[in-house]
Amino acid sequence: MVKRLNFMGVIARVFMWSFLLGLAVIVLYPLLWMALNGFKTNAELFGNPFALPVDWSFENYQKAWNRGVSDYLTTSVLVTVTSTIATVFISAWAAYGLTRVEIPFGKTVTALILGGLMLTPTVALVPLVKMFQAMGLYNTFWALLILYTAFRVPFTTFLIRAYMVDLPHEVDEAAKMDGASRWTTFWRIILPMCKPIITSTVMLQILFAWNEYLFAMVFTSGSGVQTLPVGLTSLMSKHGTDYPVVFAGMVIAAIPVVLLFIFGQRYIVKGLADGVGK
Amino acid sequence: MRAVFQRALGLAWVIPALALVGVFVYLPLVQNFGFSALEWDIYSGEQEFVGLKNYTKLLDDPIFWTSFGNNLLYAVISIVFQVFGALLLAALIESISSDRWRRNLRAIYFLPSAISLTVAGLLFYFIYEPNLGPLNHALKAVGLGEFTQAWLGQESTAMSAIIAMSQWQGFGYSTLLFAVAIQRIPSEIYGAAALDGTGPIRRFFHVTLPLVREMTGLMMMVTISGAFQVFNEVMVMTSGGPNNSTQVLGTWLYRSGFVRNNFGYAAAIATVLFVITLGIALAQMWVTRRRRVEW
């Protein structure tokens, strides 16, 4: 009896590991294939898709870089950095007000800010285009900065607020006794205490802004203001016959976020778990 | 008087957030209702009030119904893979005793979710490509040559191909969240189950499943809501083609407004999307509130 159980146990374990590792291959192989194709020539790409590149040259990367990827990358970095700073700062600011300052209509204000979580960008698309055209911001860097900030403030405030609620109020009182202003308390005491959640929200905002496509596609058209996700599709349509160059561009777009995830995994998981699980 | 002033000063903390959300999220939402009652040519600037005409047109539009059906299909398949599949997978991963392997597997599965849907969409565009794509090559290599086809190029397979890519991209995300939820279950509960001699399958159904029920409910809402907002992958891989077979509400809205120059009609589609996603969000709040009462 005991022996048979062991045998079944071994079978189950073998089955489980083959499944888990098989799934890992299904996940990793397309990514590996993408990375390898950036080093191939067009002829190699059409020959045998499973073959390794013959000579590993960075020529495709250079071509992709010169055909606009450097511009898209600059815009992406700029939009990502500025929208992350703006979103996290405005959200932390609001979260402080909502949790530690007595404000009129506090409950309504909280509901209004967090309620933005429920609304999806697609729904507001048509009026937003009209609004940005009227403001003269259509097809500018500002359109993306404003939209990436406005649509992410509810989510980010939600996360930071949940964290701030749990910080003891004695901290504020002690600071007040010492004669610290609200601003000093926020900047010097509360914000440093929120470092873990701030790190999480920074990472999540970077992932969002770097990968966003709908707004970037609708609100920009010139190459000077296009971000990488949109730039890649135009690289595809302009140089669609030179596939390895497109692959090189895709790899350039993927590498920063993959590295961010590998090194910041702990914080990204924390942010995601708090956002969905709280 | 001073106290009132002091309290009002508190508003300074929330005004930046309120202003941004008010002007760029709520205001366009309200405007959208107005826009949906107009027939509107953006180039000539002509506007005409047509009442509910855009909505009745919507009901008679076969492509609207195709889109709606595609969103529904998306939701159903995503629930199977990204909620129940991911939950099973997370339970399986968390049962591994090696800490390092648990961490590595979770990270590997999540990796596609870190890259943008644009990159993932382009990647699978090439994988499905009939001539250079590895999918057809692999089918030939294992003797299933008769199944090779232009996966994204024909109406019968295009939508399934896009949804399949989307599962590849998204299942690691929900697996990670379920793994976190399972980790929060106190280990004593599993210890007690092990003492009772409960096998892994009974343990899953009698311990894990009930204790992550709230997470499962939330993930279902998030997944359904996400399925109705699909845009990127369809736009990148097929733009809604061939012959509108892969159109979803998001892409049909975009096409109606920005390609076919009918903003009023696009706004009407947006209203439908709003009603659906708001309904799901309210259900989600209800699920969360019920949980709060239980604890």
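Mentor: Let's start with a term: helices are DSSP runs of H or I with at least four residues, strands are runs of E with at least two, and both are numbered from the N terminus. Residues 243-263 of chain A are 100% helix and 0% strand, with end C-alpha atoms 30 Å apart.

Trainee: What should I know about the model and its numbering?

Mentor: Residues count from 1 along each chain as its sequence is written, while chains are lettered from A and ligands numbered from 1 in the order in which they are written. This is a predicted model in which local features need pLDDT of at least 70, side-chain atom pairs count only at pLDDT 80 or more, and totals for chains, interfaces and linings use all residues; side-chain values use heavy atoms, leaving out hydrogens and water.

Trainee: How do you know which parts of chain A are called "transmembrane region"?

Mentor: That name comes from UniProt, in an unreviewed entry, for residues 12-36, 72-96, 108-129, 141-164, 185-210 and 243-263 of chain A. UniProt positions are given in the numbering used here, feature names are shortened, and annotations may be inferred rather than shown by experiment. In the model, residues 108-129 of chain A are 77% helix and 0% strand, with end C-alpha atoms 29 Å apart.

Trainee: What does UniProt place at residues 68-284 of chain B?

Mentor: Its unreviewed entry gives "domain: ABC transmembrane type-1" there. That span is 77% helix and 0% strand, and its end C-alpha atoms lie 21 Å apart.

Trainee: What makes helix H12 of chain A largely enclosed?

Mentor: Buried means under 20% relative accessible area, exposed over 50%, and partly exposed in between (1.4 Å probe, protein chains only). Helix H12 (residues 228-238) of chain A has 9 buried residues out of 11, so the rest of the structure largely encloses it. Among the buried ones are Leu228(A), Pro229(A) and Met236(A).

Trainee: Why is Asn211(A) called buried?

Mentor: Its relative accessible area is 12%, so it falls in the buried class. Asn211(A) is in helix H10 (residues 195-211) of chain A. Leaving aside neighbours within four places in sequence, Asn211(A) is in contact (heavy atoms within 4.5 Å) with Pro229(A), Val257(A), Ala114(B), Ile115(B) and Ser116(B).

Trainee: How do you know how much area chain A and chain B bury between them?

Mentor: Buried area is the accessible area (1.4 Å probe) that two parts lose on being put together, summed over both. For chain A and chain B this comes to about 7700 Å², 83% of it on carbon and sulfur atoms. Helix H13 (residues 243-277) of chain A gives the most to the side of chain A that touches chain B, with 16 residues. As for contacts, 86 residues of chain A meet 86 residues of chain B.

Trainee: How many salt bridges does the rule find across that interface?

Mentor: It finds 0. A salt bridge is a side-chain nitrogen of Lys or Arg within 4 Å of a carboxyl oxygen of Asp or Glu. Over all chains, the structure holds 11.

Trainee: Why is the pair Glu94(B) and Arg106(B) called a salt bridge?

Mentor: The closest N and O atoms are 2.7 Å apart, so the pair meets the rule. Glu94(B) lies in helix H4 (residues 62-94) of chain B and Arg106(B) in helix H5 (residues 99-114) of chain B, so parts 12 residues apart in sequence are tied together. Glu94(B) and Arg106(B) are both buried.

Trainee: What other residues are linked with Glu94(B) and Arg106(B) in a network of salt bridges?

Mentor: Asp99(B), Arg102(B) and Arg103(B) belong to that network too. Asp99(B) and Arg102(B) meet at 2.5 Å, N to O. These two are 3 residues apart in helix H5 of chain B, which means about one helical turn separates them. Asp99(B) has 46% relative accessibility and so counts as partly exposed, whereas Arg102(B) is buried at 17%.

Trainee: Why is Asn243(B) called exposed?

Mentor: Its relative accessible area is 61%, so it belongs to the exposed class. Asn243(B) is in the loop between H12 and H13 of chain B, and its phi is near 50 degrees, a positive value in a residue other than glycine. In that loop also lies Pro242(B), joined to Gly241(B) by a cis peptide bond with omega about -15 degrees.
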